[in-house]
Amino acid sequence: MRIGRRSEADLQLDRVPIIMTSSVLASVDIDFGRHIAVAFLLLLLLYAQYRTEHGRWLTRECHTRPMNRNRTLLGEYYTTFWELREDPAKFHTRYRMRVETYDHLLSLLLPRLTKNHPSALPPGLRLNICLRYLFIADDISTIALAERIGESTAREVIKEVCQGIIDILQPIYLRKPTEEEWRFIIADYLQRWNIPNCAGAIDGKHITIERPDNSGTEYFNFKKYFSTVLMAVCDADHIFTLVHVGEMGSNGDAGIFSDCPIGQMLFRKELGLPNGTANLPGSDVRTPAFFVADDAFPLGEQIMKPFGGHNLSEAQKIFNYRVSRARRVIESAFGILINRFRVFRTEIPFQPKVVDNIVLASVILHNFLKIHENSLPPSERVYCPPNFVDEHLGNGQMQNGDWRQDPARFVPMRGVHDALDATDRAQNMRTNLCNYFMTPAGEVPWQYDKVRFNGETEL
């Protein structure tokens, strides 16, 4: 063992590892600190983006505005709503339904509207906010002020309730009919509108929206405003059976139907319509089930539309009268929708995906109210009371529904399809129907007077 003072060389060798270790540790500390700083900055930027997208400021003076703390004392839901329940006429005007129907609707949606949080809005208030927006079309800021909630909260409630209506009620009130249900619709159409093998009327309308973010002209339609398209089929009683919403307003109307799921499923024969063909009553002529439409749709074996042109034969004019008369149902259904759901009179101030849900939820509520009122005596119906829809009085006389007194209308799709592009089978089928309507089995007594009145078709 070496005892005594260590040499300078030994001391230098001992210090080398220490110096190297300290250098490495210092370098690691610097890199780690940089990573932490970068990560913190990224988190801060993500947080700022989230708050911006959700309409909230990064800092707030208070969590709840002082005036909103009096919600349970001054909010309309806690005051006016319960008074309205005691005044059926006023309740009908505001909510388009009876108190009992409202309570049933709330009970169906309760699982989706209930939030497990002490400060959450009660289910009834959440439903009221959404219905007020859909039926009355109050400005969202007005609704928020009346209910003593934040404007961003009101927007979120509208989105969540519409999604709940779709998730819970669509499988009940707007599902694709079964083959047996299609057969019932066909029989009902024959009884009410005197047209055989008809499974419904189809049409499309433009829904006005605010210009979507970063969309350019994608939603800018031929009427020079932004829109999305609602495509729908209804039965003989103004109940929608098939609905699609979401096609961009800039798309050519000629292609909207072909591109949407309803058109694609029809062409692929996936709608569940009765297979094959059926005899026209009192005739050996057979046709498949079909929809009636206007010139915005292509003529096909399952879409019948009027003859075009001016130099038409009497038989062709009668065919046009019969088809146009059957189409009144979808026209009335859209008329009821825009009359009762006044949100459709405004530019809907949401992004397109939310707009689609608002439109779909409105259609589902329409079906819900129509179906529930059908079980009531006509005198007790408030959504579609007597004389509100078009009514056939017999001998071809039609009484226009009260909804027609309202000047508000959806913008229709344009008629751009030439029947010359249709297949020979489709044109032959239309000709066979045209001839059938001139036979004793297929005619209605008043049709001749209708087409001979001033030489024009009169509905």
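Predicted model: local features only at pLDDT ≥ 70, side-chain atom pairs only at ≥ 80, totals over all residues.
I number residues from 1 along each chain as its sequence is written. Local features need pLDDT of at least 70, side-chain atom pairs count only at pLDDT 80 or more, totals for chains, interfaces and linings use all residues, and side-chain values use heavy atoms, with hydrogens and water left out.

**Cysteines.** I looked for disulfides (a pair of cysteine sulfur atoms within 2.5 Å). I count zero. The sulfur of Cys-130 has its closest cysteine sulfur in Cys-162, at 3.7 Å, so the two are too far for a bond. Cys-130 is buried at 0% relative accessible area, and Cys-162 is buried at 1%. Buried means under 20% relative accessible area, exposed over 50%, partly exposed in between (1.4 Å probe, protein chains only).

**Salt bridges.** I took a side-chain nitrogen of Lys or Arg within 4 Å of a carboxyl oxygen of Asp or Glu. The count is 26. Arg-132 pairs with Glu-76 at 2.9 Å, N to O. Arg-132 is buried at 8%, while Glu-76 is partly exposed at 25%. Glu-181 bridges to Arg-175, with closest N and O atoms 2.7 Å apart. I also found a network joining Glu-76, Arg-94, Arg-132 and Asp-138 through shared partners.

**Arg-327.** I find Arg-327 buried, at 14% relative accessible area. Its side chain makes a polar contact with the side chain of Asp-203 at 3.2 Å. For that I used N or O atoms within 3.5 Å; within protein, one must be able to donate a hydrogen and the other to accept it, and residues adjacent in sequence count only if both atoms are side-chain atoms.
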